[in-house]
Amino acid sequence: MADQKRDYYEVLGVARDASEDAIKKAYRKLAKENHPDLNPGDKAAETRFKEVNEAYEVLSDPDKKTRYDQYGHAGVDPNFGGGYGGAGGFDFGDLGDIFGSFFGGGFGGQQRRANPNAPQRGESIRQAVSVSFEEAAFGCDKSVTVERYETCDTCKGNGCEPGTTPEICPDCHGSGTVQTRKQTPLGVFASTGPCPRCGGKGRIIHQPCKECYGTGMLRSRHTIEVKVPAGIDDGQTMSIRGQGHAGKNGGPAGDLLITITVKPHEIFRREGNSVLCEAPITFAQAVMGAELEIPTIDGKVKYTLPEGTQTGTTFRLRGKGIPLLNGRGRGDQYVTVYIETPRNLNKAQKEALVKFAESVGDNNYEERKKFFKKNKK
């Protein structure tokens, strides 16, 4: 069974809701206090230094921190073994090792670990950017500030003080794993796990870089100019290559993934590449027709409303929609009109309206006549 590890927040002496700056500040303080160079021959300080580095490696990484907050040590240790103490002290967690020895990782067995010193691609960074309706339609430039890990310039990422080099772990010979033998009720079985001497890293740093404290990485803030393409929609994600966290051991950097959030518009809404809106018209305009000024994302355009337009009628303005992302054409705008009923009429206006209604009668209301004719049936 694995030894019980201390809680990483306890190791750094910070609360579980501590900010990144608070975690970093606590780490720097403890790493300096327990650094082997300042405590020669002090094994306890050396152990604490390793413990502090391990805690910071997890809590300073957003993805690892999330997994740790949810699942504890099991969330960040791929070789964390859960067990059940049964009769005779048999650990059912050993079943993974047993079947892994025979079948190379089947039945929950551990997979072959990758070389810890091989080049590793950096993790991607996710960021949300808010744009207006028009900016999404026509494209825009946005400045995005990101915090990311970059290779330490002082040690060039190897974690060692300049002029020194890491030692290949004599126990695992650089593989990061060692084989152990366990006595079980079924016999003696071999299993592979992280090397306890180097912590699975395959190498030992005797003189850590004073700038990055042996991590090989430094956190920095950058402002990146991002070109948002015309036609992008709410929730779509852009990928900016190589602008994520730096890779390890010479591996490439991750990407910056930007998810677009489009702010709602007061008049327009979007469906695909179409722009939809509603426009109020007067009773007189609906009856006699009129020349309307209709707002579009390009500005106002004129539209001739035909006589006898009914409320709920929708007309199309070709090419006044959202540009296609591939730059080949644009969608259309659809305008639905509705008749706004006048309020607070004076006596003279009401009398005029009564005379108008009497003069028209029911003959000019086709839909009304159909409705009441069906109702009689």
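**The second largest pocket and its surroundings**

Mentor: The lining of the second largest pocket divides into 7 nonpolar, 4 polar and 3 charged residues. Here Ala, Val, Leu, Ile, Met, Phe, Trp, Tyr, Cys and Pro count as nonpolar, Asp, Glu, Lys and Arg as charged, and the others, Gly among them, as polar. The model is predicted, so local features need pLDDT of at least 70 and side-chain atom pairs pLDDT 80 or more, while totals for chains, interfaces and linings use all residues. Residues are numbered from 1 along each chain as its sequence is written, and side-chain values use heavy atoms, leaving out hydrogens and water.

This pocket holds about 440 Å³ of space. A pocket is an open set of points on a 1 Å grid, with protein on both sides within 12 Å along at least five of seven lines, and a lining residue has an atom within 4 Å of a point; the volume is the space filled by probe spheres set on the points. Which of the 14 lining residues are closest to the centre of the pocket? They are Val287, Gly308, Gln310, Asn364 and Tyr365. Two or more lining residues come from each of the helices α7 (283-288), α8 (347-360) and α9 (366-376). Helices (H or I, at least four residues) and strands (E, at least two) are DSSP runs numbered from the N terminus.

The search of the whole structure also finds 1 cavity of 30 Å³ or more, where a 1.4 Å probe fits but cannot get out. About 70 Å³ of space lies in this largest cavity. Its lining includes Lys24, Tyr27 and Arg28, as well as Met217, Leu218 and Arg219. The elements that give two or more residues to this lining are α2 (20-33) and β7 (217-228). By class, the cavity lining divides into 7 nonpolar, 1 polar and 4 charged residues.

We turn now to the strands. The order β10-β11-β15-β14 describes an open sheet of 4 strands with mixed pairing; two strands pair if DSSP finds at least two bridges between them. β10 (269-271) and β14 (314-317) stand at its edges with a single partner strand each, so one side of each has no neighbour in the sheet. Within the sheet, β11 (residues 274-281) and β15 (residues 333-339) run parallel and are joined by 7 bridges. Across this pair, Cys277 stands opposite Val335 in β15.

An antiparallel pair is formed by β12 (residues 290-296) and β13 (residues 299-305), joined by 7 bridges. These two strands make a hairpin, with 2 residues between them. Ile294 stands opposite Val301 in β13.

Two helices complete the picture. In α4 (residues 62-71), Lys64, Lys65 and Tyr68 are buried, that is, under 20% relative accessible area, where exposed means over 50% and partly exposed lies in between (1.4 Å probe, protein chains only). Seen down the axis of α4, the buried residues fall within an arc of 100 degrees, taken from the directions from the axis to the C-beta atoms, so they line one face of the helix. The face of α4 turned away from the buried side carries the exposed residues Gln70 and Tyr71. In helix α3 (residues 43-59) we find Glu46. Glu46 counts as partly exposed because its relative accessibility is 29%. Between Glu46 and Asn34 there are 6.6 Å in space, C-alpha to C-alpha, and the two are 12 residues apart in sequence.
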